[in-house]
There are 2 protein chains.
Amino acid sequence: MPKVVDREARRRAVAGGLLRLAARDGLEAVSVRSVAVECGISPGAVQKLFPSKEDMILRALELTEERLASRYASLADDAGLDAHLRQALPLDEQRREEVIMIIAFSARAAGRPDWGKLLAEGYRTIQDATAELLRRAQRDGLLDADRDAADLAAGLVALSDGFAARLLHLPPDSAEAHGLLRALDASVRALLGITSAGTPPATPGG
Amino acid sequence: MPKVVDREARRRAVAGGLLRLAARDGLEAVSVRSVAVECGISPGAVQKLFPSKEDMILRALELTEERLASRYASLADDAGLDAHLRQALPLDEQRREEVIMIIAFSARAAGRPDWGKLLAEGYRTIQDATAELLRRAQRDGLLDADRDAADLAAGLVALSDGFAARLLHLPPDSAEAHGLLRALDASVRALLGITSAGTPPATPGG
DNA sequence: GACGTCAGGATACGATCGTATCCTGACGTC
DNA sequence: GACGTCAGGATACGATCGTATCCTGACGTC
């Protein structure tokens, strides 16, 4: 046997470099060569790891989904719904990059059924994690038990995704951005059926 | 004076061709040559119309915003809130193309402040139109007058945008897609504060 | 320690890219 | 009707693209 290496680990590292590059310069700046430069390896090495450029980008999408899922999984146990939903918002550089990548992948997934399937599964995972949080709140009496947790979770995820996409195009500390965050907060409370007269904790699980 | 033509009309036509091409094959398939082929003119003619490829794509973004704004403007007078919010959903081929283009432009706008500004203005326009609809409902007594129309409109727009992005990656007539549409409906009613016991018309303005 | 094997890199290929430049022909003025 | 002007097209350029292919050297077995 000749030199043995962990191909999968290398693939993951290259996918990570791709995400760094794409978040900085856009997915349109991704090429086999530019990714190789970003990772400090030769274009030939990148070629050996992925059968095609398309497969390389798909692997980066998978990595993004993995990261998102693990972030939600590690948060679900000890944080409230607010913190949960904020995972989808571009409030710091890391989450901003993730939002940009998901949007870029969404655009490319049009006409690529397998990419769309991956994205749909990612949404489903986040919705399920959110629904689980809501069901716990229902058991604890913090949320009306008559509400459909799955439907409500879908609404909450869509809400934060919609605000996330819009926040991307506003300066982070602008008045308009703060106004949107306030509107998101009010919308979440309205969706949950919390009246303005409610007492803290205003959102379940916090 | 030599041959005189309406440059602006030609630019608009080429931008329209670009949108057709990009909705079909993705924004990454757009090149000066491919757009020229799509429009049935020579690449040289495209070059004469736009100083650069970047400007050409920016013009296509502007055209998309124009189309969206006029769609919302023509609808606001005689349709209900449901029909209004459905403008953002990929429920037919035309709206599906528009959603894809907005998402593709959103991805490219990262790091391009002027593009982001155009997108932010587009969101603002749609939110304002929605808020106007809500204020009318408040005057008509169909909606609680205490609610902040602007915040509520921001929430409704984000909600439909979030569901729109997710619907893109599901087969139009799948069970999951129908489930999402049902969840959207329930979320809109919850946001508006309409209880399940409410009598029709369930949403204002319809 | 000779040798096979494959990782990593170098090189090469045709295709396509954005754009600069030149050509040409139709329209306008006078 | 001669002529200037610019729209539209053709051509050309260097750069970069994805990928196929070849080279080389380190590691493994025996």
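1. A salt bridge is a side-chain nitrogen of Lys or Arg within 4 Å of a carboxyl oxygen of Asp or Glu. B:Asp151 and A:Arg182 make one, with their closest N and O atoms 2.8 Å apart. Bear in mind that this is a predicted model.

2. Which helices supply the chain B side? Those giving two or more residues are α6 (93–109), α7 (113–139), α8 (149–167) and α9 (175–192) of chain B. The most comes from α8(B), with 10 residues. By type, the residues on this side are 19 nonpolar, 7 polar and 10 charged.

3. Now the whole interface. Chain B puts 36 residues in contact with 36 residues of chain A. About 3,100 Å² is buried between the two chains, and carbon and sulfur atoms give 60% of that area. On the chain B side, B:Asp151, B:Arg166 and B:His169 lose the most area to chain A; together they account for 21% of what that side buries.

4. Turn to chain A by itself. Its secondary structure comes to 9 helices and 0 strands. The C-alpha trace spans about 65 × 40 × 30 Å along its principal axes.

5. How much of chain A is buried? The figure is 51% of its 206 residues. The accessible surface of chain A is about 9,800 Å², with 53% belonging to carbon and sulfur atoms. Among chain A contacts with a separation of 6 or more, 62% join residues 24 or more positions apart.

Notes:
Residues are numbered from 1 along each chain as its sequence is written. Chains are lettered from A and ligands numbered from 1 in the order in which they are written. This is a predicted model: local features need pLDDT of at least 70, side-chain atom pairs count only at pLDDT 80 or more; totals for chains, interfaces and linings use all residues. Side-chain values use heavy atoms; hydrogens and water are left out. Contact means heavy atoms within 4.5 Å. Buried area is the accessible area (1.4 Å probe) that two parts lose on being put together, summed over both. Helices (H or I, at least four residues) and strands (E, at least two) are DSSP runs, numbered from the N terminus. Ala, Val, Leu, Ile, Met, Phe, Trp, Tyr, Cys and Pro count as nonpolar, Asp, Glu, Lys and Arg as charged, and the others, Gly among them, as polar. Buried means under 20% relative accessible area, exposed over 50%, partly exposed in between (1.4 Å probe, protein chains only). Accessible areas come from the Shrake-Rupley method with a 1.4 Å probe; for residues, only the protein chains shown count as cover.
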